Amino acid sequence: MVTYVEENPLISLVEIGRNLRQDTGVTISVPTIHRHLHGQLFTMKKVVAEPVAMNNAANKQKRAEYVRKVMAATGSGRSVLYMDETNANLFLRRSRGRSRRGLRCSVKAATSKGPNVHIIGLMSQTGIIYWERRRGSFRKTDCSDWLRRALQACPLPLDQVTIVCDNAPVHCDLEAVAAEFPGLELVRTAPYSAPLNPIEAVWSAVKANMKRGMASSFSAMMDTTDGITQQEHRLRYLEAKMDAAMECINPVMCMNFYNHVQRHYAGCVALADLAMGV
């Protein structure tokens, strides 16, 4: 049974029983299979999709080079800052809930998710240095203008700053922006290296906070305010939850996020596989 699960984590208990009958002629009930797997410490978890190319030789080499660059910047006394963006809409909610046995867990939801609201942020070891939210699309020209504003607001000496960004299409012109600030260094993450970017943990914390707030105030979202449209009311509601969630990000959390990604550095330099969601 363990071999079946290790070969195919998505296999069902019924399929395990069928394979056992075909391979050994033994018939075992589904509850017995469940108890056996539980005794072997196998539990149901959310499935995390890992791209096929994530841990190929080329990407592991690029990941090692990226880690060396970040470690060199830190070792030379430079401040390493991470930038990224995320978005949310009215369909943001927890994917798991509780209900009585035999009953579905269902919640009320808006009929439309509405427009996306983006958050774009720049973080350091000691906190969020600069962030903005905006409605609608976020293009490469918007990203370049945002980075200029973020750098102008940065309290650190820019000739001692290294900016880390990923390879998203909206980031394609950031080298030109970095060249406008003498001494500023721009480093790009390796492909499929989200676990090495601490700002991804910031977005996870922000969205978790938003989900808590939105779960307990659904009626406030569905109500309308006189003088504005329903869509505008819901966008303001979403933005208010976003602002409140961003205020909860503190220096201790940012330090922990930095420390968390650094535990992968030794493995990356040694060309070990990197797992998603860790």
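Author: The largest nonpolar core has 39 residues, and those with the most contacts inside it are Tyr-66, Tyr-82, Val-202, Val-206 and Met-210. Such a core is a set of buried Ala, Val, Leu, Ile, Met, Phe, Trp, Tyr and Cys residues joined through side-chain atoms within 4.5 Å; buried means under 20% relative accessible area, exposed over 50%, and partly exposed in between, with a 1.4 Å probe and protein chains only. At least two residues of this core come from each of helix H4 (57-75), strand S1 (79-88), strand S2 (117-124), H7, H9, helix H10 (251-262) and helix H11 (265-269). Helices (H or I, at least four residues) and strands (E, at least two) are DSSP runs numbered from the N terminus. A second, separate core of 24 residues includes Tyr-130, Trp-146, Leu-158 and Val-161.

The model is predicted, so local features need pLDDT of at least 70 and side-chain atom pairs count only at pLDDT 80 or more, while totals for chains, interfaces and linings use all residues. Residues are numbered from 1 along each chain as its sequence is written, and side-chain values use heavy atoms, with hydrogens and water left out.

Val-206 is in contact (heavy atoms within 4.5 Å) with Ile-119, Ala-245, Met-246 and Ile-249, leaving aside its neighbours within four places in sequence.

The axes of helix H7 (residues 198-215) and helix H9 (residues 230-247) come within 9 Å and cross at roughly 130°. This angle makes H7 oblique to H9. Axes are lines fitted to C-alpha atoms, for helices over the stretch in contact, and angles run from 0 to 180 degrees between N-to-C directions; under 35 degrees counts as roughly parallel, over 145 as roughly antiparallel, 65 to 115 as roughly perpendicular and the rest as oblique. H7 contributes Trp-203, Val-206, Asn-209, Met-210, Gly-213 and Met-214 to the contact, and H9 contributes Tyr-237, Leu-238, Lys-241, Met-242, Ala-245 and Met-246. By class, the contact of H7 with H9 has nine nonpolar, two polar and one charged residues.

Elsewhere, Arg-78 is found in the loop between H4 and S1. Arg-78 is buried, with a relative accessible area of 17%. Leaving aside neighbours within four places in sequence, the residues in contact with Arg-78 include Leu-158 and Val-161, both of which are also included in the second core.

Methods: Nonpolar A, V, L, I, M, F, W, Y, C, P; charged D, E, K, R; others polar.
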